[in-house]
Amino acid sequence: LRDNRIELVRASWHELSISVSDVSLSDEGQYTCSLFTMPVKTSKAFLTVLGVPEKPQITGFTSPVMEGERMQLTCKTSGSKPAADIRWFKNDKEVKDVKYLKEEDAIRKTFTVSSTLDFLADRSDDGAVVSCRVDHESLNSTPQIAMQVLEIHYTPLVKIISSNSWPEEGQSIILTCESKGKPV
């Protein structure tokens, strides 16, 4: 192997060790160690190189969104091998009903994985944190996460609150008009 990333670590009558620095996907394949005796003895091992997924990105959000409008958020990550797993969460609760798309890059043998979260905006979603989580064996159980805070505008609800439910003749009462909407 003629590559300055490959270094001879140990060479003795009993052992030959090499180290490969800055490993790339092209280093994947079968490696053979030969002992030049009569007959020649060989040992083979297949090296599998994992492709680390890029940090995910969420697209499709325009702020603010009106209540009742359809929202389509897409989370995408490239460069994983094997294909990474994408999961969606809304305020730490997993959202299950999502579309999932996996495309292979034939040259690099890596995958671009994307997932789309499709829902109708509701006032209860205002301020919610939507996150996209990418899990992959190369990440050593530390997922990569992208987040988006939702801003939903909604029409006001109006109600009148009385200081006394059953006022008697001659008493004074206070009537309060309360409105809740966004923007205020």
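This is a predicted model: local features need pLDDT of at least 70, side-chain atom pairs count only at pLDDT 80 or more; totals for chains, interfaces and linings use all residues.
The term salt bridge here stands for a side-chain nitrogen of Lys or Arg within 4 Å of a carboxyl oxygen of Asp or Glu. Residues are numbered from 1 along each chain as its sequence is written, and side-chain values use heavy atoms, with hydrogens and water left out.

Back to our pair. Glu 94 has a relative accessibility of 26%, so it counts as partly exposed, while Lys 96 reaches 64% and therefore counts as exposed. The scale works like this: under 20% relative accessible area is buried, over 50% is exposed, and anything in between is partly exposed (1.4 Å probe, protein chains only). Arg 133 and Asp 135 make another salt bridge, at 3.0 Å from N to O, and Arg 133 is partly exposed because its relative accessibility is 26%.

In total, the count comes to 13 salt bridges. One of them pairs the side chains of Asp 27 and Arg 5, at 2.8 Å from N to O. Asp 27 sits in the loop between β2 (16–20) and β3, and Arg 5 in the segment before β1 (6–11), so this pair ties together parts that are 22 residues apart in sequence. Those strand labels come from DSSP: helices (H or I, at least four residues) and strands (E, at least two) are runs numbered from the N terminus. Both Asp 27 and Arg 5 are buried.

Now follow the chain into β3 (residues 29–35), which runs antiparallel to β4 (residues 41–47) and is joined to it by seven bridges. Two strands pair if DSSP finds at least two bridges between them. Together β3 and β4 form a hairpin, with five residues between them, and Leu 35 stands opposite Lys 41 in β4.

The protein chain is divided into domain 1 (6–47) and domain 2 (57–153), with bounds from an automatic or database domain assignment. Their centres, taken over C-alpha atoms, lie 42 Å apart.

What do we find further along? The largest nonpolar core has 21 residues, and Ile 58, Met 71, Leu 73, Trp 88 and Leu 150 touch the most other members. A nonpolar core means buried Ala, Val, Leu, Ile, Met, Phe, Trp, Tyr and Cys residues joined through side-chain atoms within 4.5 Å. At least two residues each come from β7 (70–80), β8 (85–90), β11 (110–120) and β12 (129–135), and β11 gives the largest share, four residues.

Finally, which cysteines are linked? Cys 75 and Cys 132 form a disulfide, with their sulfur atoms 1.8 Å apart; the cut-off for a disulfide is two cysteine sulfur atoms within 2.5 Å. Cys 75 belongs to strand β7 and Cys 132 to strand β12, so this link connects distant parts of the chain, 57 residues apart. Both cysteines are buried, and the link is left-handed, with -65 degrees about the S-S bond.
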